[in-house]
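Have a look first, then read on.

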Amino acid sequence: MFKTIGIIIPSVLIGGLFFEHIRFVLTHYHRNKGIKQYWIQEGEIEEIENDLKIVLKWKQKLFHSFSIAGRYVNPFLEWEDRNTTDIFAMIKYQLTRKNRNGLPCPNLEINLPLAEPNFALLNEFTMKSHLRQSIEQANKLLLLASMDADSAVGFEDLPKRSTISKRDSGMDLADFTQMTVTWIGQSTCFIQMDGYNILTDPIFCSRTTGEWFGPKRLRPPPCSLSQLPPIDIVLISHNHYDHLDTNVLYELGDSCTWYVIELDWWQEYKHDDKLLIASCPIQHWSGRHFFDVNSSLWCSFVCKTSAQSFFHCGDTGYCSVFKEIGQRYGPITLAALPIGSYEPRYFMCHQHMDPDEACLVHMDIQAKHSIGVHWGTFMMSDEHYMDPPKDFKIASEKYGLGKQVFTCHLGETIVLDI
């Protein structure tokens, strides 16, 4: 029996990997063929044969999502399939790695100190946002009552005045000219903007895959999910394990609004009458295992009110789409940009940008502030674990960005004046 099982299991795995590689080859072929058909109208190819690449770039300005046989592909000219979609390239990468990430290291507690989030400040912002919502709701009811007194049943006990002001409530009028960002680790940030509590790509477990499997966290999470103030919105850029902890799904449930990869690129959703959430293109891929690679889409998010905006980048290689995002939704108040997992460049450049490219994204999307994330949490690449913030600072000086771009300690709460 055990002998039979020992034959069946490896056969199934090898057969499955072979099938996936055949699918990759076919997808790669149809992607190249499909892009020409997708971006260029019938009959145009002959006329511009010599300038095909230029026209492709021009047609690419809309950057729509693109799928072949149920699997999404990157429509960007900068993209090359160098990830788990090409199994043999992935094996080659793993066997030829020259790891210089500096781990294990006895000085992690010194180099990667944990800060405690400023819970008093975060809770104060939350309390005032709820108070503001109550005031706005009361003002709506008062407005209805004044517009149609005859139909305003039940409004007799409301104050005999047209509106309730923030000053009357003891609320500082400057409270919502600020944003807070608390970096939990990897791409997990707790954002407070214009009265909303937003959590991005949540992962709180000790390893990428639960508590038992995958790369181990360099430092423990600076706080638990339950310690954070009530969350209004969760943004999920893609389904990789280091960006989606399924334990968070069960813990939060339907207590908040989830924005996940079901939103197509450029699809916009009005969260309420003040907040717009838009799904934007990025150059990456998806998959929880070898057999569901690219079966779901990946994206970035723009959250925008009349006063503030936030860009959650997720994971991406650098490409020309960011200029389009800046033209549509810029300027951005705060951006969370990935700056880690970028070595070796020959393998990583298409799926992970480096700190220099993160500064280019900052400028492309017209961001006022950008925080560098996706580093110092799980080590899955070859750069030294302390290189991302160092290289980010060098790049910011190179482009003259100064304090517009920054990094912080794990758990640190940063208050931004808008």
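Let's start with E124, which counts as partly exposed because its relative accessibility is 35%. Keep in mind that you are looking at a predicted model. E124 forms a salt bridge with K128, and the closest N and O atoms are 3.1 Å apart. K128 is buried, since its relative accessible area is 18% and the cut-off for buried is under 20%. Both residues sit in helix 5 (residues 119-147), four residues apart, or about one turn of the helix. As for the general idea, side chains of opposite charge can pair when their charged atoms come close.

How many salt bridges does a search of the whole structure find? The count is seven.

| Salt bridge | Closest N and O atoms |
|---|---|
| E124 with K128 | 3.1 Å |
| R345 with E357 | 3.0 Å |
| K390 with D387 | 3.3 Å |

K390 is partly exposed at 47% relative accessibility, while D387 is buried, with a relative accessible area of 9%.

Now for R345 and E357, which form a salt bridge with the closest N and O atoms 3.0 Å apart. This pair links distant parts of the chain, with R345 in helix 8 (residues 345-348) and E357 in helix 9 (residues 355-364), 12 residues apart. E357 is buried, at a relative accessible area of 17%. Salt bridges that share partners also bring in D354, joining R345, D354 and E357 into one network.

On to the rings. There are eight aromatic pairs in the count. One of them is F76 with W265, a stacked pair at 5.8 Å centre to centre and 25° between the planes. The two come from distant parts of the chain, 189 residues apart: F76 is in the loop between strand 2 (71-73) and helix 3 (87-95), and W265 is in the loop between strand 9 (257-259) and strand 10. F76 is buried, with a relative accessible area of 0%, and W265 is buried too, at 4%.

Another stacked pair is W183 with W375, 5.1 Å centre to centre and 25° between the planes. W183 lies in strand 3 (residues 178-185) and W375 in the loop between strand 15 (367-373) and helix 10 (387-398), so this pair ties together parts that are 192 residues apart in sequence. W183 counts as buried at 1% relative accessibility, and W375 is buried at 7%.

Back at F76, ring pairs link F63, F76 and W265 into a cluster. Rings also meet charges here. The charged end of R288 sits over the ring of Y241, 3.9 Å from its centre, and the charged end of R328 sits over the ring of W266, 3.7 Å from its centre.

Last stop: strand 11 (residues 276-280). Is it mostly covered or mostly open? It is mostly covered, with five of its five residues buried. In a regular strand the side chains alternate between the two faces of the sheet. In strand 11, L276, A278 and C280 are on one side and I277 and S279 on the other, and all are buried.

Strand 11 has partners as well. It pairs with strand 10 (residues 268-270) in the antiparallel sense over three bridges, with E268 standing opposite A278, and a hairpin of five residues joins the two strands. Strand 11 also runs antiparallel to strand 12 (residues 300-304), joined by five bridges. There, the bridge partner of I277 is C303.

Conventions:
Residues are numbered from 1 along each chain as its sequence is written. This is a predicted model: local features need pLDDT of at least 70, side-chain atom pairs count only at pLDDT 80 or more; totals for chains, interfaces and linings use all residues. Side-chain values use heavy atoms; hydrogens and water are left out. Buried means under 20% relative accessible area, exposed over 50%, partly exposed in between (1.4 Å probe, protein chains only). Two strands pair if DSSP finds at least two bridges between them. Rings of Phe, Tyr and Trp (its six-membered ring) pair if their centres lie within 6.5 Å; planes under 30 degrees apart count as stacked, over 60 as edge-to-face and the rest as tilted. A charge sits over a ring if NZ of Lys or CZ of Arg is within 6 Å of the ring centre and within 35 degrees of the ring normal. A salt bridge is a side-chain nitrogen of Lys or Arg within 4 Å of a carboxyl oxygen of Asp or Glu.
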